Amino acid sequence: MNRGDEFFNLLLPIQIDSTMNNETMNSQLQPLANWLSHNTPAKLYRFFSGNERSIEQFKKDEIWGSRASTFNDPYECLPSFDMERINNDLVKALDIERLKAFFEAVKNGYRIPQMTGIPDSLMQSVLAFLDQPDFNKQLESNFPFFRNQIILWWQSIYREVIYKFFNLFDQSQRQQYITCFSENKDATLMWAHYANSHKGFCLEYNWGEIVSQTNNCLAEDKILLMPVRYSEKRFDASSYIFPILQDWINTRMNLNIGLYFSDFLIYIKILLTKSLDWSYEREWRMFSYVIDAMPDTNYRIQLIHRPTAVYLGARMPQEESDMMEQLCMEKDIPCYKMIQSYNDNRFVVEPELYSVIKKRAGIHNP
């Protein structure tokens with residue numbers, strides 16, 4: 001099992017809901033923090049096209065993040081919905097015997113988290129209604145028609161509710177800036193896709209140093225780094241549709257009932273799920289949550305941190321390669337160039353010091 005799958009198997013069952021206190025939340029997140037502390041690679045790599053902005057980032061030791069909407073695959077972060085599963089869950093929720101047991105429990109003081117936002121006056125009216133002597137008789141008599149009406153109503157509005165989910169998801173994405181790293185600097189596809197067909201460069205970072213500087217903490221709105229999970233299927237968000245339905249009802253009926261969110265981690269789970277087609281990337285994603293005063297800003301500085309090495313693409317022109325080497329000397333970090341190994345039959349490239357390559361070719365610095 002790869003790192004992404006292993007981490008996601010830990011992450012998936014953890015739910016941070018809107019009623020959870022900090023102590024409980026920290027306890028829930030602790031297994032993830034422990035896993036990350038033991039499994040985060042010591043070295044991670046970030047690829048650049050070699051354009052002016054990327055060179056400026058390198059000069060200033062800046063690590064930038066971008067919105068998911070700017071990624072080269074516009075569909076990689078979109079969740080899916082299983083309408084059959086949602087409909088089955090709705091039918092189960094409308095089972096009359098389950099409802100009888102639930103209403104009886106509510107009369108005896110039981111409260112589900114979704115009820116925490118209901119005003120006291122409304123709650124007292126609900127309890128008075130449930131306490132009527134003939135309530136169960138009325139329920140048995142009227143409920144079949146009522147249940148069918150709810151199902152028909154849901155079928156008429158579900159597209160609008162799902163659209164609302166995607167709208168909220170888009171809003172959340174606009175507050176997430178993501179920086180993409182890779183465990184692998186040797187894959188030729190990475191150089192082709194992310195380094196301008198081998199004309200760009202790649203920076204190596206010591207992530208252990210970054211963690212110590214940023215106080216990486218899952219329970220706070222700070223920098224987070226987590227591995228991507230590759231899957232043949234998009235993330236199934238079916239179980240998260242009901243909080244959106246609750247919001248839809250509040251809006252349409254002009255109610256003032258606080259929303260219950262079953263899992264604040266859903267957006268992270270979605271953003272960590274990518275198509276299996278991209279598995280060669282072996283990607284880790286660094287997140288930061290920012291309430292942005294400029295919502296149209298697609299890029300943001302995440303950290304100031306000096307890389308530990310630079311790798312130049314095989315097709316980077318000599319003039320640009322020499323300039324990058326000079327910057328490396330000023331930063332006192334090694335500068336490599338990626339070349340095809342003549343002693344290896346695999347489709348990988350390997351680094352060699354750029355100064356050695358130049359010496360072998362009889363090229364001298366001016």
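Buried means under 20% relative accessible area, exposed over 50%, and partly exposed in between, with a 1.4 Å probe and protein chains only. The model is predicted, so local features need pLDDT of at least 70 and side-chain atom pairs count only at pLDDT 80 or more, while totals for chains, interfaces and linings use all residues. Residues are numbered from 1 along each chain as its sequence is written, and side-chain values use heavy atoms, with hydrogens and water left out.

**View 1. The whole chain.**
The secondary structure comes to 13 helices and 12 strands. Helices (H or I, at least four residues) and strands (E, at least two) are DSSP runs, numbered from the N terminus. Of the 366 residues in the chain, 43% are buried. Take contacts (heavy atoms within 4.5 Å) between residues at least 6 apart in sequence: 80% of them join residues at least 24 apart. The accessible surface is about 20100 Å², and carbon and sulfur atoms hold 51% of that. Accessible areas come from the Shrake-Rupley method with a 1.4 Å probe; for residues, only the protein chains shown count as cover.

**View 2. Strand 10 and its two partners.**
In a regular strand the side chains alternate between the two faces of the sheet. Strand 10 spans residues 309–312, and both of its faces are covered. A309 and Y311 are buried on one side, V310 and L312 on the other. Two strands pair if DSSP finds at least two bridges between them. Strand 4 (residues 201–206) pairs with strand 10 in the antiparallel sense, over 4 bridges. Strand 11 (residues 335–340) runs parallel to strand 10, joined by 3 bridges. Which residue of strand 10 is the bridge partner of C202? That partner is Y311. Y311 also stands opposite Y336 in strand 11. From strand 10 the chain crosses through helix 12 (residues 318–331) to strand 11, in a right-handed β-α-β crossover. Right-handed means that, with the strands pointing away from the viewer, the path from the first strand over the helix to the second runs clockwise.

**View 3. The K43–E204 salt bridge.**
A salt bridge is a side-chain nitrogen of Lys or Arg within 4 Å of a carboxyl oxygen of Asp or Glu. By this rule the chain has 16 salt bridges. One of them joins the side chains of K43 and E204, at 3.7 Å from N to O. The pair links distant parts of the chain: K43 lies in strand 1 (residues 43–48) and E204 in strand 4, 161 residues apart. E204 counts as buried, at 8%.

**View 4. Further salt bridges.**
E56 and K60 meet through their side chains at 4.0 Å, N to O. E56 is partly exposed, with a relative accessible area of 30%. K60 is also partly exposed, at 47%. E352 and R360 form a salt bridge at 2.7 Å, N to O. R360 is exposed, with a relative accessible area of 55%. Salt bridges that share partners also join K274, E281, E283 and R285 into one network.

**View 5. The C328 and C335 sulfurs.**
A disulfide is a pair of cysteine sulfur atoms within 2.5 Å. The count by this rule is 0. C328 is in no disulfide; its nearest cysteine sulfur is that of C335, 4.0 Å away. C328 is buried, with a relative accessible area of 1%. C335 is likewise in no disulfide, and its nearest cysteine sulfur is that of C328. C335 is buried too, at 8%.
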